[in-house]
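Hi,

Here is the structure I promised to pass on.

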Amino acid sequence: MPIVALSTETTDWVSRFADEVIEESERRAPGKPVVVASGLSPSGPIHLGNLREVMTPHLVADEIRRRGREVRHLISWDDYDRYRKVPAGVAGADESWSEHIGKPLTSVPAPAGSPYPNWAEHFKAAMIESLGELGVEFDGISQTAQYTSGAYREQILHAMRHRGDIDAVLAQYRTKPKAQAKKSQQKPVDEAEIEAAEGSGAASEDDGSSGSAGYFPYKPYCGNCEKDFTTVTSYADNTTELTYACTACGFSETVRLNEFNRGKLVWKVDWPMRWAYEGVIFEPSGVDHSSPGSSFQVGGQIVGIFGGKQPIGPMYAFVGISGMAKMSSSRGGVPTPADALKIMEPQLLRWLYARRRPNQSFKIAFDQEIQRLYDEWDKLDAKVADGSALPADVAAHSRAVRTAAGELPKTPRPMPYRTLASVADITAGHEDQALRILSELDPDKPLGSLDEVRPRYAKAEAWINTHVPADQRTIVREEPDVELLKSLDEASQQSIRLLLDGLAEHWSLDGLTHLVYGVPKVQAGFPADATPKELPPEIKTAQRAFFAQLYHLLVGRDTGPRLPTLLLAVGQERVRRLLGE
């Protein structure tokens, strides 16, 4: 049964866009399904920045579905694009793949060892699996299939007939970067703006070939070497005879474009052609596509040549990774949705995209920050449950945990991520030990199986094993540090005695938390349950010193997992032995 629409009182960005899209769809195509779109190029690993291209329209489409409207979310796989370079860091691919530069992505061999038939399918497969886990419903369109089947034949012939009109639009922008350069001599310009303009302007994106025969918005793939290093040397509108020459291998041939399917419209013409062909109402674009002279801006003028209208949709900002620069597929090593889903549940990843407006940049944490994000998520979950969350936060939470089709699978007992990570760290894969520790966290409701804390426990374990440096992993001492124990002064010995005396009575997560924070208070003459307002500042200093002392005695470092979790993990008997009892 479909989920009902969220309350109109919610003021989140998704609801506002859904309102606009429905209104625009009724104006353009009344009674027809609403069409939203994304475009992804499987030229390499499809990273978490690319995911915003999908999540933005997905969230809007899902809200429209919640309202009982029919909607199609198209994902165009730009797998007929040319192979431009060998991405860095792709396992099974080396510089020998550079011999395929210029071919369609579906004609490039997959990385060595891949079960997929070509380069494009290899990278599409991982993304499709991740989108399934994230609950993203979509209709995939292979541009290779569209072009090679002749689906766009009439659009191609139309573009060739109107090549003069297309060229006139593009010509307005071909000198823009130079004009900007002159302007920058008079007035300082932000470097990021220059980079965006030059990186997406008409001068840097292929907009067709101009030669002695004129301008052509169509580029054939060579019939001999399959590459697109081709130049159209003549074209006859009445017969559609097209002659091209390949500069890579010297091959030349004449074909009839009304029956030839081995080529494609150049990007700045291809994109608006598809807007018209599919009747797209909503499609976001990255900041690199939205600067003056870029494909989205130019496409807004070219789409009219195909009898269509430009979609509405926001410019979306970059997505970063904690500790990493702006993502680029060509740099290699950039995290993908699959990488994120190994260490976080789908709900958390959906929430990160849902809670920020598209024009707001944000970072996804693969470092220690992931623990804070999970704490924030769990607090929101509790507020939603008790009715104290703000309406916009309720909306973002709802979009994270469910789609119009229903709830996403979730962890039955979602214990704190940082606790699960600490247990996974300490137990190093021993499931029976992990189950014992986690059961002792809440003795009144012990776990019957680790399945109760999965998949969250598995995600936390993966994070510990793949993203925490070896020198930060927790290794509990095998034997007591006799020399350190002998060197302790009387006050330190007393604090350890207070801890040991209280272990049995306080052996639970809450109990041990109360105990370890309470020892320095009791030593200073205050009640163990005294609040920070009732205590002098020196108590915090004493607590930090006490904690560091315990870490040294237990794990040989001055920091580690939260002490209550660590004590439970080590076990009473071993704690007593390591602390000199």
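Helices (H or I, at least four residues) and strands (E, at least two) are DSSP runs here, numbered from the N terminus. With that in hand, just after α13 comes Gly387, with a positive phi of about 80°.

Two bits of housekeeping. Residues are numbered from 1 along each chain as its sequence is written, and side-chain values use heavy atoms, with hydrogens and water left out. This is a predicted model, so local features need pLDDT of at least 70 and side-chain atom pairs count only at pLDDT 80 or more, while totals for chains, interfaces and linings use all residues.

The whole chain

The protein chain has 23 helices and 16 strands, and its C-alpha trace spans about 100 × 55 × 55 Å along the principal axes. Of the 581 residues, 50% are buried (buried means under 20% relative accessible area, exposed over 50%, partly exposed in between, with a 1.4 Å probe and protein chains only). Taking contacts (heavy atoms within 4.5 Å) between residues at least 6 apart in sequence, 71% join residues at least 24 apart.

Helix α13

Most residues other than glycine have a negative phi, and most peptide bonds are trans. A few places here are worth a look with that in mind. The peptide bond from Arg454 to Pro455 is cis, with omega near 10°, and Pro455 is in the loop between α16 (431–441) and α17. Thr240 has a positive phi, near 65°; Thr240 lies in the loop between β7 and β8 (241–246) and is buried, at 9% relative accessible area. Ala428 also has a positive phi, about 50°, without being a glycine. Ala428 belongs to the loop between α15 and α16, and its relative accessibility of 54% makes it exposed.

Some buried spots

Thr230 is in strand β7 (residues 230–235) and has a relative accessible area of 3%, so it counts as buried. Leaving out residues up to four places away in sequence, Thr230 touches Lys219, Pro220, Cys222, Tyr244, Ala245 and Cys246.

Val280 lies in the loop between α9 (267–278) and β11 (285–286) and is buried too, at 4%. Val280 and Val36 are 244 residues apart in sequence, yet their C-alpha atoms are 5.7 Å apart. Again not counting residues up to four places away, the residues that Val280 touches include Arg28, Val35, Ala37, Lys309 and Pro311.

Ser114 sits in the loop between β2 (71–77) and α3 (119–133), and with a relative accessible area of 18% it is buried. Its side chain makes a polar contact with the side chain of His122, at 2.8 Å (a polar contact is a pair of N or O atoms within 3.5 Å; within protein, one must be able to donate a hydrogen and the other to accept it, and residues adjacent in sequence count only if both atoms are side-chain atoms).

Cheers
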